[in-house]
Number of protein chains: 2
Amino acid sequence: MTDIARLAGVSTSTVSRALAGNPLIPGPLREQIVALAAAHGYVINQSARSLRRQKTDTVGLVIPLGHEAGQLISDPFFLEMVGRLSDEITLRDHAVLLHRVVATQPGWLDRLIGAHRVDGLLVIGQSDQHQTLNAVAAHYAPLVVWGGHLPDQAYCTVGVDNVGGARMAVEHLIRTGRRNIAFLGVPQAPEVALRHEGYRRALSDAGISASEALSAPAHFTTETAYDAMRSLIASGVAFDGVFAASDVIALAAVRALKADGRSVPQDVSVVGFDDSSVARYGDPPLTTVRQDLETAARVMVDLLFRRMAGERTPSSTLAPELILRASSSR
Amino acid sequence: MTDIARLAGVSTSTVSRALAGNPLIPGPLREQIVALAAAHGYVINQSARSLRRQKTDTVGLVIPLGHEAGQLISDPFFLEMVGRLSDEITLRDHAVLLHRVVATQPGWLDRLIGAHRVDGLLVIGQSDQHQTLNAVAAHYAPLVVWGGHLPDQAYCTVGVDNVGGARMAVEHLIRTGRRNIAFLGVPQAPEVALRHEGYRRALSDAGISASEALSAPAHFTTETAYDAMRSLIASGVAFDGVFAASDVIALAAVRALKADGRSVPQDVSVVGFDDSSVARYGDPPLTTVRQDLETAARVMVDLLFRRMAGERTPSSTLAPELILRASSSR
DNA sequence: ATGCGTTGTGCAATCGTTTGCAAGCCAATT
DNA sequence: AATTGGCTTGCAAACGATTGCACAACGCAT
């Protein structure tokens, strides 16, 4: 900047103001300086700018992998969410800092915040970090979390009605004559716990007793889901329907069922959750509970920016939609 | 930091050194300061640190969307790549800054670099920015690009042998008796152009003349791919095989074919490219050319870090693998 | 007591911006 | 001619770390 100032015959203050579009600097001079900077390929150093302004124009995107066995960001739903959120954040002229948090030592979130690299935080999925999030929300406002809505929750969430969505899925299975319906998912993550709750309620409303033996713990990865389905089959318990906590789990389950010689949906109806890209192209195409990611991302980013501006915003719950496809019989 | 220094009864220099694990500070004192910092939730301000050290411990992940009609990061292959690269970068204690570059005004890459927010850049896909990349590589070394290997290329790339991979795909189609093979993809992106080249060579080696009428322009999005397939069908040209430049395109093509009453693979064999997550679960599961993303990500990050350390590394080409599934007949 | 390493610490400059405050300039008013 | 006020512009102080250099303290040999 010093160079540009010398070239333009003014001080760095003037250059700084000109580049910031400050109306104190008269139009012609401002344009001349901007042109000069462009010609010399000068770009403002963001570290210095951030330090001085105490803001970074950057949003942190956090993917907690606390309860996951796998080490990587693999679920297509999460990845689509990353894409959607990035688009939305970029639209607002902010940069995106991606954080993949796996070894969740206590204080990881505070450290993220303390580093002052971001002006706000978007957390994709609560994982098993509900307490941490609650504690942090007490002193850090610009934080929006994608996930389930819990009763004792102090932070701002956006998410679909998981209980209602699960209910729609299971009621659909019951309506099409299924009685022994299995659940696939680990309830550590609140979203999954809520989906399990919806599953139980739908069953009990229909007068069906939910057997514990019908729930198998499957993480959000193909491998554990496949294994969970295999061991459910091996356990010998009878079932004619499966409600999975995600599409990836559902598709892995379909694969395991086929490997066992059962056909979908004739022998077993399968319903997933998310309606991520894989669901539509699945074999068979997957009946699933759609979460509208485009809206979700827009709402999350909107809430975050309002929080960054000092507003206190409430949580927001979106309506899920049941998408009927071939993996469940009519 | 001043506070911690006061509390510990030392100067900020000492605190800085203690926190950095500098052996100048004797063990016991160092531990005491570290403990004090932890107890007070003190975290080093990264803007200040970056400014002073002139490095950010951050890698930029760039997704150029120059030639794409759509506005967002949607292709699952790109997203999987983002996930894989993030994992690999995090493993090396660096942060990830995600850049989605859509309106590619000239100089966008220089502006990215000039802002000094990252120590190195990973570009996912050349898009139509080959010239830009070439120009920048002349003065900016820490840059690794995923994409096709071009003859006049000054920057470091990692990518599969696109010509060879496409050849394998098309030869497989020919071997199984297909003669009229269509190509789906826009050749603006070098990867796609190279795949088209492999397609042409395989045909001419088999003594089949490649008709221009068999190539349809499809972008990396479901919609344009679907439309491209529909208009190819509408054009009335006869074909019994399709080689698509990506899995997303291939699956959209399958959908369009089914909508027209043709069955896959009986009437038309379809082969994709990428082996992204959707391919395996497709209906029917997709024969495709696999790009090993795990290796790819590791190689890219490894090369980038060597370049950041000052080494001059050459480009690297990975071997593609043909994955046979049900979308093509044997 | 002096000299000389060795070790541990702090001073102060520096990284590249932004911005409050003051001052210079010029025209208009008294 | 002096005062006022509006525009422009620059000075210099932050922002919060890191680090070269100097110096203090200490033990030990002379």
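Strand S2 of chain A (95–101) and strand S2 of chain B (residues 95–101) pair in the antiparallel sense over 3 bridges in this predicted model. Strands are DSSP runs of E with at least two residues, helices are runs of H or I with at least four, and both are numbered from the N terminus; two strands pair if DSSP finds at least two bridges between them. Within this pairing, A:Val96 stands opposite B:Leu98 in S2(B).

The contact between the chains (heavy atoms within 4.5 Å) takes 44 residues from chain A and 43 residues from chain B. The size of an interface is often given as the accessible area lost when the parts come together. Here, chain A and chain B bury about 3,800 Å² between them, with 60% of it on carbon and sulfur atoms; buried area is the accessible area (1.4 Å probe) that two parts lose on being put together, summed over both.

The count of salt bridges between chain A and chain B is 2, a salt bridge being a side-chain nitrogen of Lys or Arg within 4 Å of a carboxyl oxygen of Asp or Glu. The side chains of A:Asp87 and B:Arg100 meet in a salt bridge, with an N to O distance of 2.2 Å. On the side of chain A that touches chain B, two or more residues each come from H4, helix H5 (76–91), S2, helix H6 (108–114), helix H11 (247–259) and helix H12 (277–281). The largest share, 8 residues, comes from H5(A).

Around DNA strand D there are 22 residues, of which A:Thr14, A:Arg17, B:Ser16, B:Tyr42 and B:Arg52 come nearest; a residue is near a strand if one of its heavy atoms lies within 4 Å of it. Sugar and phosphate account for 58% of the atoms of DNA strand D that come within 4 Å of the protein. A polar side-chain atom of A:Thr14 lies 2.7 Å from a phosphate oxygen of the DNA strand, and an N or O atom in the side chain of B:Arg49 is 3.0 Å from a phosphate oxygen. For B:Ser13, a polar side-chain atom lies 3.3 Å from a base oxygen. Helices H2 (12–19) and H4 (46–53) of both chain A and chain B each give two or more residues to this surface, and H4(B) gives the most, with 4 residues.

Residues are numbered from 1 along each chain as its sequence is written, with chains lettered from A and ligands numbered from 1 in the order in which they are written. Local features need pLDDT of at least 70 and side-chain atom pairs count only at pLDDT 80 or more, whereas totals for chains, interfaces and linings use all residues; side-chain values use heavy atoms, with hydrogens and water left out.

Key:
A polar contact is a pair of N or O atoms within 3.5 Å; within protein, one must be able to donate a hydrogen and the other to accept it, and residues adjacent in sequence count only if both atoms are side-chain atoms.
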